[in-house]
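This report describes a set of protein chains for a reader who has the coordinates at hand. Please consult the sequence and structure below alongside the text.

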Amino acid sequence: MQNIAPLNWRRFPERYLLRGNYCENCKQAFFPPRAICPNCRRKGKLVSMEMPRTGKIISYTKVYVPPEGFKNEAPYYLAIIELENGARVLSQIVDSEPEKIKIGAKVKKVFRRIAEPDKYGTITYGYKFW
Amino acid sequence: MGVVIVGAGITKFGEHWAKSFRELIAEAGIKAIQSSGLSGQQIEAIYGGCMASGRLIGQEHIGALIADQLGLNPIPSTRCEAACASGGVALRTAYLAIKSGVHDIVAAGGVEKMTELSTQAVSFALGGAGDQEIELFHGATFPSLYALLARAHMHEFGTIEQQMAAVAVKNHANAMLNPNAQFHKEITIEQVMNSGYVAEPIKLLDCSPITDGAAALILCSKDKAKELGLKGVEIVASEQASDSLALTGRQSLTELRATSIAAQKAYEKAGIRPSQVDFAEVHDCFTIAEILAIEDLGFFKKGEGGIASEKGKTSLKGKIPINPSGGLKAKGHPVGATGVAQAVEAYLQLMGLAEQRQIKNAKIGLTHNVGGSGATAVVTIYKRFKG
Amino acid sequence: MKLPLKKYLKRLGKVLRMNAGIIGYGVYVPRLRIKVSEIERVWQKNASGLAVSEKAVAASDEDSCTMAVEAARRGIEDFSINPKRINAIYIGSESHPYAVNPTASIVGDALGTTNKYFAVDMEFACKAGTAGLQVCYALKKAKMIDVGLAIGTDTAQSKPNDALEFTAASGAAAFFVGDSKDEIIAEIEHTCSFTSDMPDFWRRPRAEFPEHTGRFTGEAYFKHIINAAKLLMEETGYNASDFDYAVFHQPNGKFPLKAAKILEIPLEKVKQGLLTPHIGNTYSASTLIGLASVLDVAKPGQKVLAVSYGSGAGSDAFVLNVTENIKNRRARRAVLEMIKEKEYIDYALYVRHRRKIKSL
């Protein structure tokens, strides 16, 4: 069994606060943060940055057959969201009326449980949108 | 240095309850060697594609296992992994080994044994082709990633679910003529439409199945083939490109850029235009993937893949037959074997050995193998070789 | 009004001293609702005596921690509080997601605080949220912190077919404590507690649902609420008529009204802070959500009495003085407005979301 606690911990800034980075040279935001700016290479200047909490839906789906750990959550909506600074995230969409989930719809980040934990493991928290 | 496929072998695709991973690859490998007319001792190296044996059967160190099973020790044998493009990458690596001048005769194989685990566990293993930390963590599945691509395509170009269903119907029809295909069952648009959502808008019958199977090829340098008097099919180009694992890192959701780039380079190397291709085996892990592929490969304009599929332009007798073998959808999709199996079909078609599904006067064929949701793409172009 | 000299001086001293108070707050009530009539339908019972019409239900991906974060996030946004200023996080709940492993540290990281903060999870049945508020107040008075964050949050547990099931609800309220004159919207003038060992409601380790003693809980509730309120009035010299609003812990729609009656506080002063009829009993969040609703409408110069209750048993009482700042420091959406956004579910979905299906 994989010990997921250290992996989750390492990603808390991303999962809790949407912390990514930004290249001051080409003005592009990256989420998750990148080790090197793919546009500017060594001329890039990456600085850590929290992404905006709002964005719009670029594409979405409703998942009926879930992977392990999500059995009791299905069906659920998944979407690709373009944040206000252009960075994109894939996230679940929760607490929204189905007719409001469409391409172009504005969404906002919320803090939720992600995978359903087993009875003994750590609980995974992170971003979802609504 | 030209490279020629001089032999090909494939197992039946499907649920092989009586055969293990090792028996599958041995069967395909032996068939390939026999069809080449060479003896096993003449093979100098092996490149084997396999995506997830560690998760699926608990076995790693696949390269050496293949050499041993084929009785070919002590030649070098290397596993290639690029998710569902593992087979295509193995083929390309074998091709490069000859191109480089290091080897004259090599084997390229692909194999996957997928039925040892529950469907959920297999889905989890295949999920490894996506981005574990930012996609799968949030509940993404492979169908759901392609569903996101499908929705974007529908939104931008007006593609409809019936057009995707037409891809499944056509590929099932082709598979009827392929004795090695997993499914020998014709389906209708209505059946696809009623098959229930897996991830909206993708339905069960839009998905390729879980398959056991293996495929193998014997590759030979052109000079050596001439010297030995071998017939076959020449690989005139094999190109590979990469993109971000995660969909969120892509420039576009309606194009698999790795496909477009690999295709462009391959056409350039081969000195042909897309319109000169007589048939193609493309990576239809989901029906939307075939629609994307026939656009990105330049057979149809961007956005017109759905209509083209609906109008029969990709059927065996259409403008450009796509997936004459039945494709991943109906022939089956043993992930690591798929890229090699596509090349086996190209070989059979160009050698005139494709029996009932033979495309008349086929001179140029193309295969297109994708890893994950488009992070790896391999495009290979083949021509008849007359020795 | 005449006051004994001792009390007068005490009060004067309080006013003269630089005081701490609430500089912002946020409330989170989950979107899902179940009507009490639906629970009545399932168990064929009549719960009209509780005076609750529906209750808020946390979705299966929500817990006391996620609700706490959302409540605090709203406070941070609506009242422009830089999370880096938070030096104390106290989270009261009887449904902390872990038995061991703090909710407070998750909330801190999720809000983007620094690492320099006091933190602990608290439990005192339904009053641990207000206890957190007292601790933050004390730390602020001792000048040990810049901003303190006290949160009451619960996904209230209740056994199926138990009387509690008709009211046990989910919600969270976060209160930020500071002492900047430009920020305080409600000065905490005084707080005190009344505590005694009176076991009316409890949950043993590993037990999934709390047990309670029926009407004895009422006895305990009134004893502590009334005594705490009286103690507060005695210590401050105020009497019931001095308060413009009163908020009491609200396990149902009736108890707070009865408490007001005993204290001779007119019912209209209680209504604004009485949320349980609309959202159910949010346990540790209950009094604090009521207080937030009062602050949504309160005017400068008004005086608020708030008394929580936690079984086992104790009550924390507060006097708050609403300041001029409240004119331009308001929650973007009032609690009474926010709770209108809802989606009704039936009992079957309710047991799914609250994970009461044992075979899963």
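## Model and chain contacts

The structure is a predicted model. Two pairs of chains touch, and the pair with the most contacts is that of chains A and B. Chains B and C, by contrast, do not touch. The nearest C-alpha atoms of chains B and C are 12 Å apart.

## Overall form of chain C

Chain C contains 12 helices and 14 strands. Its radius of gyration is 19 Å, close to the 21 Å given by the globule rule for 360 residues, so chain C is as compact as a globular protein of that length. Along the principal axes, the C-alpha atoms of chain C fill a box of roughly 60 × 45 × 35 Å.

Of the 360 residues in chain C, 62% count as buried. Among contacts in chain C with a sequence separation of 6 or more, 79% come from residues 24 or more positions apart.

## Surface and charge of chain C

Chain C carries 49 positive and 40 negative side chains. The centres of these two sets of charges lie 3 Å apart.

## Helix α7 of chain B

Helix α7 of chain B covers residues 161-175. At 1.5 Å a residue, its 15 residues should span 21 Å, and the 22 Å between its end C-alpha atoms agrees with that value.

Because 12 of the 15 residues of α7(B) are buried, the helix is largely enclosed by the rest of the structure. The buried set includes the charged residues B:Glu161 and B:Lys170. Also buried in α7(B) are B:Gln163, B:Met164, B:Ala165, B:Ala166, B:Val167 and B:Ala168.

B:Leu70 lies in the loop of chain B between α3 (62-69) and β3 (77-80). With a relative accessible area of 16%, B:Leu70 is buried, because the cut-off for that class is under 20%.

Leaving aside residues up to four places away in sequence, B:Leu70 touches B:Ile25, B:Ala26, B:Gly29, B:Ile30 and B:Ile46. The C-alpha atom of B:Leu70 is separated by 9.8 Å from that of B:Ala28, a residue 42 places away along the chain.

Note on methods:
Residues numbered from 1 in each chain as written. Chains lettered and ligands numbered in written order. Predicted model: local features only at pLDDT ≥ 70, side-chain atom pairs only at ≥ 80, totals over all residues. Heavy atoms only, no water. Helix = DSSP H or I, 4+ residues; strand = E, 2+ residues; numbered from the N terminus. Expected span 1.5 Å × (residues − 1). Buried < 20%, exposed > 50% of the residue type's maximum accessible area, 1.4 Å probe, protein only. Rg over C-alpha atoms; globule rule 2.2 N^0.38 Å. Contact = heavy atoms within 4.5 Å. Charge placed at Lys NZ, Arg CZ, Asp CG, Glu CD.
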